[in-house]
Amino acid sequence: MQPLTNLENNLSFDDFKAEVINDYRTAMISRECSLLGRREVLTGKAKFGIFGDGKEVPQLAMAKAFKKGDWRSGYYRDQTFMMAIGELTPEQFFAGLYANTNIELEPMSAGRQMGGHFVTHSLNNNGSWKDLTAQYNSSADISPTAGQMPRLLGLAQASKIFRNVKGINASKFSKNGNEVAWGTIGNASTSEGLFFETINAAGVLQVPMVISVWDDDYGISVHAKHQTTKENISEILKGFQRDKDSNGYDILRVKGWDYANLIETYQEASAIAREEHVPVLIHVQELTQPQGHSTSGSHERYKNAERLEWEAKNDCNVKFREWILESGIATNEALIEIERAAKRDVREAKKSAWNTFLRPIKKEQQELLSILKQVAANSINGVFISKLKESLANINEPTRKDILSHARKALRFTVEETFPEKKTLRNWIDSIFEQVQPKFSSHLYSETQGRNTRIKEIKATYNDDAEQVDGRIILRDNFDAIFATHPEVLVFGEDTGNIGDVNQGLEGLQEKYGELRVADSGIREATIIGQGIGMALRGLRPIAEIQYLDYILYALQIISDDLATVHYRTKGKQKAPLIIRTRGHRLEGIWHSGSQMGGILSLVKGVNLLVPRNMTKAAGFYNTLLLGDDPAIVVECLNGYRLKEKMPNNLGTLKTPIGVVETVKEGTDITLVSYGSTLRIVEQTAKDLLAIGIDAEVIDVQSLMPFDLNHDIVKSIAKTNRVVIIDEDVPGGASAYILDKILNEQNAFQYLDSSPKTITAKSHRPAYGNDGDYFSKPSAEDIFEGIYDVMHELNPSNFPKLR
């Protein structure tokens, strides 16, 4: 190793020595947390552990280059970095390991994620933004391999937007776009497509981000020779190296145990990204993983003796210690004292975290034991309840599961009895659920005034001589009004910019508002969504366009694992109100006419899923969403852009409510429920049914998630006593979801005189062309006959069998 040059010219040698010693102390504390954390898992106090041992020294170097206002998008081995920037204490580390649900004690996720997943708080308790320029920022980690990469792209792009787009109020978000986004990833995870997609996109966009690849030669048990061509990610990325004639990356390499060169490398990378606004990749090599991948196994199973010996000698902390001694910065005795103090302090932090975690649970245990004693004394099954009491009392370190399981089993023994103590037990169980369930289930959506569902409807209004125009014109002019009044809004996607999207809903807006606010992107859906997530985390209001609904499958993992869980996994401490714009339902075969609603509904809880029947409704949704805090997907009707609609005179201000259905035709005989393109077919069919004496009520769902918050559908069924759900998704998809909501949440079964019916597409993807559509999706005739059959069953004489 080479001597470390001073980071600042005015740093005295004594100050320099103190900084090095403090770094060593942090490294030792972090390592001891990893070692003790593993033991806590193996003894059963914690469920699982995945730690940052072996990566301590490069993370110290990264922390020195990381400035307030910067952002991290990392993975689950960055505990030393978080400790170095002052955002993680040993006690918080163990609180995370034990899954403490108190956000003050476990600020990373309030026990919702396993340890090793880090975050900083961007929001105040009321949902308003903190000053992100005055703090170190970490976006909330996720476990899926390389899933942090798309978000990293957006975090970096936000700096480019803040630097180059005028008129944005960036006082809490950026200082002239000088912030760098820092990404970390394991070498094996660079094999994922998300990594390469992000690398390419960042090179194209030229955004200020620094990616650190922690390279320890393994991906779990699999060696790099099975992971990466040439066993070297920086070698195969040479083509991305920028030069004087072309854009690209700066690619730097450094040994992960070389403290001095690590400091200099990270300072260099920071300066390049921050000043030149270009991406940098740092390949950190020769790292180790002293405890293996995780607590699920031992690395002795797959590393030979020679490798294990090399790792012991080249452990970054060992090499750091050697360098300190060689440089005369500290004596061996001084380092031994630091090491002993680290062990002592971490042990005390662990003990404190465990006692703090257990204390309220033990209190609940004692409460229940007292109640069970009284219940047993008054129940004819007292002997059995006493055994449950004794069993619970013998659990020295109970979980809430242990406590509630015993309480609920005890209640069973009193099912045929009535006495006050039984009521006390029942009320106690209900009270615990009322108090505890939100600790695990809250904040799927915003719980402040920023929630989307609080925004009231403003109906479209029209001049007396309102012109009939193509639906796309309404969208275009509404987007124009949005961009004119909201400088923080930007839209991007495939064919979004120059041609104004494939259906001309953004026609002319790039020329008017510039290439940064109305932008074309490559064919790379996952990172389009990642751009949106990262920019939304930094206070911008992005609209990420996925060209067709079918293509959303490319991005579904990012939407599901990252976007949909941001608010939940941070317990309301971060938000990413991204709007995803897409279009669906067309007559051109398997790949451009799918309706993947069932899959989407199952995977994106935490995101509003909106299905407007026309472009006026869609425009209203965009206006609503820009005033709220929750992310959303808006699925426009692909065959609606050229259909005529009256031009509203309140574009930009009209608002479609979220979670509210609309009755588009009243009726008395049967309730028809649908949405999107299919709704228009249902409306026409309702007219045909009226001609033969069937008066159908037609309801447009509008919002699949959230669904009918006012329970208006059940009110309709209470009047008609029959319901048919029509949907172009496959059987068991959105129609099954809607039926479940109506029957199980709205309790509509009590009003039904006929079995509820669903009319859906066939189980296969739609075949090509008009006939393919007719025989694949519900046609007007299918809908007519399905409804007629319900009425035939009710009254065969008035409605004789049709076929």
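Helices here are DSSP runs of H or I with at least four residues, numbered from the N terminus. Keep that in mind as you explore this predicted model.

**Stop 1: the sheet.** Start by colouring the strands. Six of them form an open, parallel sheet in the order β2-β1-β3-β4-β8-β7. At the edges stand β2 (137-138) and β7 (250-255); each has a single partner strand, so one side of each is left without a neighbour in the sheet.

Now select residues 181-186 and 209-214, which are strands β3 and β4: they run parallel and are joined by six bridges. For one example, click on Thr184 and look across to Ser212, its bridge partner in β4.

**Stop 2: helices on the sheet.** Next, show residues 193-205. This is helix α6, which packs on the sheet and touches β3, β4 and β8 (280-285).

**Stop 3: the largest pocket.** Its volume is about 820 Å³. Select Tyr98, Ala99, Phe357, Thr399 and Phe440: of the 34 lining residues, these are the closest to the centre. Helices α4 (90-97), α11 (332-378), α13 (400-412) and α14 (420-441) each supply at least two residues of this lining. Why does the pocket lie between domain 1 (13-330) and domain 2 (359-441)? Because both domains give residues to its lining.

**Stop 4: the second largest pocket.** Here you will find about 350 Å³ of space. Pick out Trp129, Phe173, Glu488, Gly539 and Arg541, the nearest to its centre among 19 lining residues. Domain 1 (13-330) and domain 3 (452-646) each contribute at least three residues to this lining.

Notes: Residues are numbered from 1 along each chain as its sequence is written. This is a predicted model: local features need pLDDT of at least 70, side-chain atom pairs count only at pLDDT 80 or more; totals for chains, interfaces and linings use all residues. Side-chain values use heavy atoms; hydrogens and water are left out. Two strands pair if DSSP finds at least two bridges between them. Contact means heavy atoms within 4.5 Å. Axes are lines fitted to C-alpha atoms, for helices over the stretch in contact, and angles run from 0 to 180 degrees between N-to-C directions. On a 1 Å grid over the protein atoms alone, a cavity is a set of points where a 1.4 Å probe fits but cannot get out, and a pocket is an open set with protein on both sides within 12 Å along at least five of seven lines; lining residues have an atom within 4 Å of a point. Grid points are joined across faces, edges and corners, and a volume is the space filled by probe spheres set on the points. Domain bounds come from an automatic or database domain assignment.
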